[in-house]
Protein chains: 2
Amino acid sequence: MTTPQLIEQIRLKKSFLCIGLDVDLTKIPAHLLETEDPIFEFNKAIIDATHDLCVSYKPNTAFYEAYGLKGWQSLERTINYINEKYPEIFTIADAKRGDIGNTSTMYAKAFLEDLNFDSVTVAPYMGKDSVEPFLAFENKHTIMLALTSNEGAFDFQTLETNGKELYKTVLETSKNWKNSQNLMYVVGATKAEYFTEIRKIVPNSFLLVPGVGAQGGSLAEVCKYGMSENVGLLINSSRGIIYVSKGTDFAEKAREEALKLQVEMNEILSKK
Amino acid sequence: MTTPQLIEQIRLKKSFLCIGLDVDLTKIPAHLLETEDPIFEFNKAIIDATHDLCVSYKPNTAFYEAYGLKGWQSLERTINYINEKYPEIFTIADAKRGDIGNTSTMYAKAFLEDLNFDSVTVAPYMGKDSVEPFLAFENKHTIMLALTSNEGAFDFQTLETNGKELYKTVLETSKNWKNSQNLMYVVGATKAEYFTEIRKIVPNSFLLVPGVGAQGGSLAEVCKYGMSENVGLLINSSRGIIYVSKGTDFAEKAREEALKLQVEMNEILSKK
């Protein structure tokens with residue numbers, strides 16, 4: 001999917017919501033556990049109930065790898081289901097990968113080619129040659145960690161490096177990498193006051209924003225400081241949407257939560 | 001495996017060699033491609049031919065994920081084979097993971113519990129709460145990126161942060177994390193001159209050292225500056241060992257390369 005296509009979807013759906021598919025078998029409705037592939041059945045129901053309210057789904061690979069071969073199969077089924085039934089959805093493999101060049105190429109192939117995700121998240125620590133292999137894929141996107149939503153973000157990301165914080169250096173440096181037009185960034189919603197500074201460095205880039213909901217970030221605040229001319233935001237919510245009910249009505253209840261966020265987003269977009 | 005057990009293995013085998021199992025189907029002997037699981041058959045042959053010369057095997061997960069479900073199955077078979085047949089081997093899942101707390105816990109379970117690796121590599125960018133979930137596993141080890149062997153290491157890892165380079169801050173900070181006794185670090189062999197400085201910060205920690213061989217690092221140099229009282233080094237070679245021959249003699253040829261390194265290591269150890 002190209003960036004203009006993503007922007008068009010946001011305009012059409014009046015939503016820049018991304019739903020995180022972080023499926024933990026201990027948290028899903030009991031009746032699903034009797035099915036052959038509970039993770040996929042859970043995702044399928046959530047997707048069918050919410051696809052018109054969001055523009056993106058983001059499975060976090062950890063939750064699939066934790067179930068080994070079966071989990072990997074559920075991930076494959078999930079991405080195939082989205083790609084076949086809802087090709088207008090922007091898909092994100094939240095994998096936070098990154099390695100030396102030839103190895104990053106293997107990761108990029110795994111997620112962007114074989115599984116055919118639109119994008120994959122990567123970590124910046126190993127620098128340019130660990131990220132450029134991902135950027136080489138046409139009409140695919142690489143979403144690099146900049147300022148994350150967790151407490152540990154303050155361990156290294158906000159350290160002063162040559163007069164500015166590390167996450168700013170990461171943003172600035174990455175703009176010079178080959179095919180940097182394919183870069184997006186992860187910026188946590190729990191740090192809304194940082195968005196002004198970030199927009200000075202990357203005024204137009206899309207930012208994937210976790211931390212709204214369960215982690216306590218505010219949608220209004222993020223939009224106030226983080227929204228660009230072309231919206232430029234994908235707001236992720238995982239637990240706050242998918243785990244509202246453990247009953248047979250779980251998908252319906254997830255839709256209700258997604259709808260609340262979409263209504264709020266529509267309002268913000270219409271005021272712009 | 002405990003650290004004293006690993007040290008004992010090093011003394012017994014007179015080797016601190018780790019062999020990287022980074023299996024690329026385009027690089028393995030053609031006759032294996034006709035088998036049901038070429039990656040596993042390749043690994044099995046390499047392992048059987050070299051297990052007495054090395055103390056560790058390190059599959060890099062990228063090379064397995066690149067083949068999807070089948071690749072994940074090959075990874076499972078490989079780790080199960082090592083754990084059953086050669087339980088004295090220290091196994092490393094080279095995965096370079098790291099995420100917010102509940103997600104890192106899922107990764108830790110995947111690699112340290114379900115697949116039952118002795119250790120897993122992680123990236124430091126997201127800080128303390130992204131790494132501590134890995135450290136919580138008893139008699140398991142977390143190998144964190146400090147100074148990597150690639151060119152991109154100089155993009156961020158060597159930036160000045162409060163008067164010292166970022167990788168030094170990463171090392172120092174991590175010493176204060178809970179269960180930090182379970183930490184080891186990745187330090188690239190291509191940067192041998194840095195080992196003196198690193199040993200001032202982590203005098204006794206084990207260092208996993210990639211970059212000997214294909215990437216150009218020198219074993220003698222690394223040992224000169226990096227060896228601790230308890231050796232404290234795991235020297236990794238991947239391509240330099242496993243891809244020497246594409247013929248039916250590939251395992252034999254791999255053994256010859258491993259033996260060269262083991263002989264050199266034996267010499268270094270005996271001079272200590």
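In chain B, the strands β1-β2-β3-β4-β5-β8-β9-β10 form a closed barrel of 8 strands with parallel pairing; two strands pair if DSSP finds at least two bridges between them. Neighbouring strands of this sheet are turned against each other by 30 degrees on average, direction ignored. Axes here are lines fitted to C-alpha atoms, for helices over the stretch in contact, and angles run from 0 to 180 degrees between N-to-C directions. Helices (H or I, at least four residues) and strands (E, at least two) are DSSP runs, numbered from the N terminus. The model is a predicted one, in which local features need pLDDT of at least 70 and side-chain atom pairs count only at pLDDT 80 or more, while totals for chains, interfaces and linings use all residues. Side-chain values use heavy atoms, with hydrogens and water left out; residues are numbered from 1 along each chain as its sequence is written, and chains are lettered from A and ligands numbered from 1 in the order in which they are written.

B:V122 stands opposite B:M144 of β5(B). Helix α2 (residues 38–50) of chain B packs on the sheet, where it touches β1 (17–21) and β2 (56–59) of chain B, and its direction makes about 170 degrees with that of β1(B). Helix α4 (residues 68–85) of chain B also packs on the sheet, touching β1, β2 and β3 (90–97) of chain B, with its direction at about 150 degrees to that of β3(B). Strand β5(B) is largely enclosed by the rest of the structure, because 7 of its 7 residues are buried (under 20% relative accessible area, with exposed over 50% and partly exposed in between; 1.4 Å probe, protein chains only).

Between the chains, 57 residues of chain B are in contact (heavy atoms within 4.5 Å) with 56 residues of chain A. The two chains bury about 4,900 Å² between them, 62% of it on carbon and sulfur atoms; buried area is the accessible area (1.4 Å probe) that two parts lose on being put together, summed over both. B:L69, B:Y125 and B:F156 supply 19% of the area that chain B buries against chain A, more than any other three residues.

In chain A, the buried residues of helix α6 (residues 128–135) are A:S130, A:V131, A:P133, A:F134 and A:L135. Their cover includes α5 (101–114) and β5 (141–147) of chain A.
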